[in-house]
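Subject: Structure for you to look over

Dear colleague,

I am handing over the structure below, together with my notes on what was found in it. Please read the notes with the model open beside them.

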Amino acid sequence: MLKIYGLGHCSTTKKAANYLKAEGIAMGDVIDIRETPPAKEVIQLAVDANGGLVKKIINTSGNLYREMELKDKLAEMSNDEVVSLLHENGMLIKRPLITNGQKATVSAKESILIDAWLS
């Protein structure tokens, strides 16, 4: 069963969940990414799935990203530091983050969902 981290009211999270459910993929309820961010290991799985590029899983359009002035700080941070920051601040992660514990994706793009969860 897949776990989906996001926000219940987020249209992108709903889009991904609805698509996967329509394709017969079992998943639990949406886990509120603000209250229960993914474990560091899950975040690292998402980073690995994006070629090791942490920036690919960061929500750069969010308010928290701007408030924390991360645009310039990220380049100076290690991968472990960024993963810890994302674990502590789930709103910095692109939504939805979907995982089965073995792999993880961030996105509602059908091509990504198909490649990861339907192939």
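Where does Pro-96 lie? Pro-96 belongs to the loop between α5 (79-88) and β3 (97-99), where helices (H or I, at least four residues) and strands (E, at least two) are DSSP runs, numbered from the N terminus. The peptide bond that joins Arg-95 to Pro-96 is cis, with an omega of about -15°.

Before going further, please note that this is a predicted model, in which local features need pLDDT of at least 70 and side-chain atom pairs count only at pLDDT 80 or more, while totals for chains, interfaces and linings use all residues. Residues are numbered from 1 along each chain as its sequence is written, and side-chain values use heavy atoms, with hydrogens and water left out.

Backbone and loops

Gly-24, in the loop between α1 and β2, counts as exposed at 61% relative accessibility, and from Gly-24 to His-9 the separation is 15 residues in sequence and 22 Å in space, C-alpha to C-alpha.

Strands

Strand β1 (residues 2-6) is mostly covered, since 4 of its 5 residues are buried. β1 runs parallel to strand β2 (residues 27-32), to which 4 bridges join it, two strands being taken to pair if DSSP finds at least two bridges between them. Within this pairing, Ile-4 has Val-30 of β2 as its bridge partner, and Leu-2 stands opposite Met-27 in β2. From β1 the chain crosses through helix α1 (residues 11-22) to β2, and this β-α-β crossover is right-handed, in the sense that, with the strands pointing away from the viewer, the path from the first strand over the helix to the second runs clockwise. β1 also pairs with β3, in the antiparallel sense and over 3 bridges, and there the bridge partner of Tyr-5 is Leu-97.

Helices

In helix α2 (residues 40-49), the residues Val-42, Ile-43, Ala-46 and Val-47 are buried. Seen down the axis of α2, these buried residues fall within an arc of 145°, so they line one face of the helix; the arc is that of the directions from the helix axis to the C-beta atoms. On the other side of α2, Glu-41 and Ala-49 are exposed. The elements that cover the buried residues of α2 include α5, β3 and β4, where contact means heavy atoms within 4.5 Å. After α2 comes Gly-51, with a positive phi near 65°.

Helix α5 has Val-82, Val-83, Ser-84, Leu-85 and Leu-86 as its buried residues, and the cover over them includes α2 and α4.

Rings

The charged end of Lys-103 sits over the ring of Trp-117, 4.9 Å from its centre, a charge being counted in this way if NZ of Lys or CZ of Arg is within 6 Å of the ring centre and within 35 degrees of the ring normal.

With best wishes

Conventions. Buried < 20%, exposed > 50% of the residue type's maximum accessible area, 1.4 Å probe, protein only.
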